[in-house]
Amino acid sequence: MPRALPSLLALVLLTVVGVAAGLLALPDEAWAPAAGAGVGLLVGAVVAALLLRRRRRLRDGAEAQAVSGLPLVAHVPPPGRDAQDVRRAEEAFRMLRAALAPRDGDGVPAGVVLVTSAAPGEGKTTAAAGLARAFARAGRPVVAVEADLRRPGLTAALGGDQAGTPKRGLTAAIVGGVPVDDLLVEVEPGLRLLPAGELPPNAPELLGSPDAARVLAELRGLGAAVVLDTAPLLPVADTRELLRLGGIDRVLLIARPGLVDRREVRDAVALLPDEAAPILAVSGRAQTPRSYDQYLRDGAR
């Protein structure tokens with residue numbers, strides 16, 4: 001069935017209903033059918049637009065993989081409270097960690113991993129925090145970098161107090177030349193955080209500058225996996241500028257079915273450099289395959 005057909009049917013149906021309503025309400029008025037048709041057409045147009053918008057959105061992980069052309073490596077659930085939610089999330093982040101592990105198996109950390117999404121609200125910050133913790137809990141030192149200089153949320157996602165975040169962070173390293181090692185905050189054993197610091201008025205220019213390239217090289221020299229939580233690709237230029245610098249080993253794109261459009265995913269993938277070997281993860285509770293829960297349930301074999 002063509003994707004536009006349900007919307008067209010809704011438009012026609014509501015127009016007919018409007019004509020009928022006009023005839024029933026004012027049977028003696030010649031203008032009543034036309035007025036009813038106009039109201040029905042207006043309501044139908046709104047409903048049709050909503051239906052088309054909904055049908056343009058990704059349905060599930062399989063469609064996300066087909067649209068993006070990227071390997072789908074994990075389904076990342078939203079944060080949960082009970083033990084089953086915790087197990088499901090931890091396993092998803094282990095899958096991400098495994099997908100980013102070097103193929104030679106020598107245990108060397110995954111270098112610099114940039115985590116982003118096409119649009120806001122897709123779960124990139126949750127994924128970045130979970131991936132950083134997964135590296136640390138596997139005994140690999142990791143630095144999580146709050147590189148979204150518009151709406152930083154990594155500190156909160158790692159359990160820190162956003163209000164109490166140090167004023168100095170990534171921006172101080174880029175603009176002020178403060179050594180990165182002096183700005184890191186220990187979150188848990190093996191996991192350190194580089195907070196965003198003071199938010200600049202010119203984030204794209206800052207992240208695309210030679211000073212930002214210097215900070216990336218400094219991060220790489222720490223001998224730890226580096227996980228960058230960055231701004232979404234389509235609304236602002238920040239992450240595009242950061243990618244243009246080079247020095248990014250891998251890119252993890254987060255897509256949330258039911259929220260992001262197919263076209264948005266395609267546009268985001270077109271911005272990713274091939275040399276960073278991008279991979280895909282989808283977020284959202286409804287997108288987790290049922291078999292995952294069945295296997296993870298207590299007593300399952």
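1. A residue is called buried here when its relative accessible area is under 20%. The model is predicted, and the points below should be read with that in mind.

2. Helix α9 covers residues 210–220, and its buried residues include Ala212, Val215, Leu216 and Leu219. These residues lie on the same side of α9, because they cover an arc of only 105 degrees around the axis.

3. What does that side of α9 face? The largest cavity has Ala212, Val215, Leu216 and Leu219 in its lining. With four residues, α9 gives the most to this lining. Helix α7 (170–175) also supplies at least two residues. Leu170 and Ile174 are among the lining residues, as are Val145, Ala147, Leu207, Leu228 and Leu242.

4. A search of the whole structure finds one cavity of 30 Å³ or more. The volume of the largest cavity is about 70 Å³. Its lining is made of 11 nonpolar residues, with no polar and no charged ones.

5. Helix α4 runs over residues 83–100, which makes 18 residues. From its first C-alpha to its last it reaches 26 Å, close to the 26 Å expected at 1.5 Å a residue. Its buried residues are Gln84, Asp85, Arg88, Ala89, Ala92, Phe93, Leu96, Arg97 and Leu100.

6. Side chains of opposite charge can pair when their charged atoms come close.

7. Glu90 is partly exposed, at 33% relative accessible area. Glu91 is partly exposed at 28%, and Arg94 is partly exposed at 36%.

8. Helix α10 (residues 238–244) holds a further pair, Glu241 and Arg244, which are three residues apart and separated by about one helical turn. Their side chains meet in a salt bridge of 2.9 Å, N to O. Glu241 is partly exposed, with a relative accessible area of 24%, whereas Arg244 is exposed, with 56%.

9. In the whole structure, the search finds 14 salt bridges. Arg59, Glu63 and Arg262 are linked in a network of them.

Terms used. Residues numbered from 1 in each chain as written. Predicted model: local features only at pLDDT ≥ 70, side-chain atom pairs only at ≥ 80, totals over all residues. Heavy atoms only, no water. Expected span 1.5 Å × (residues − 1). Buried < 20%, exposed > 50% of the residue type's maximum accessible area, 1.4 Å probe, protein only. Arc of directions from axis to C-beta. 1 Å grid on protein atoms, 1.4 Å probe; cavity = no way out; pocket = protein on both sides within 12 Å on 5 of 7 lines; lining within 4 Å. Points joined across faces, edges and corners; volume = space filled by probe spheres on them. Nonpolar A, V, L, I, M, F, W, Y, C, P; charged D, E, K, R; others polar. Salt bridge = Lys/Arg side-chain N within 4 Å of Asp/Glu carboxyl O.
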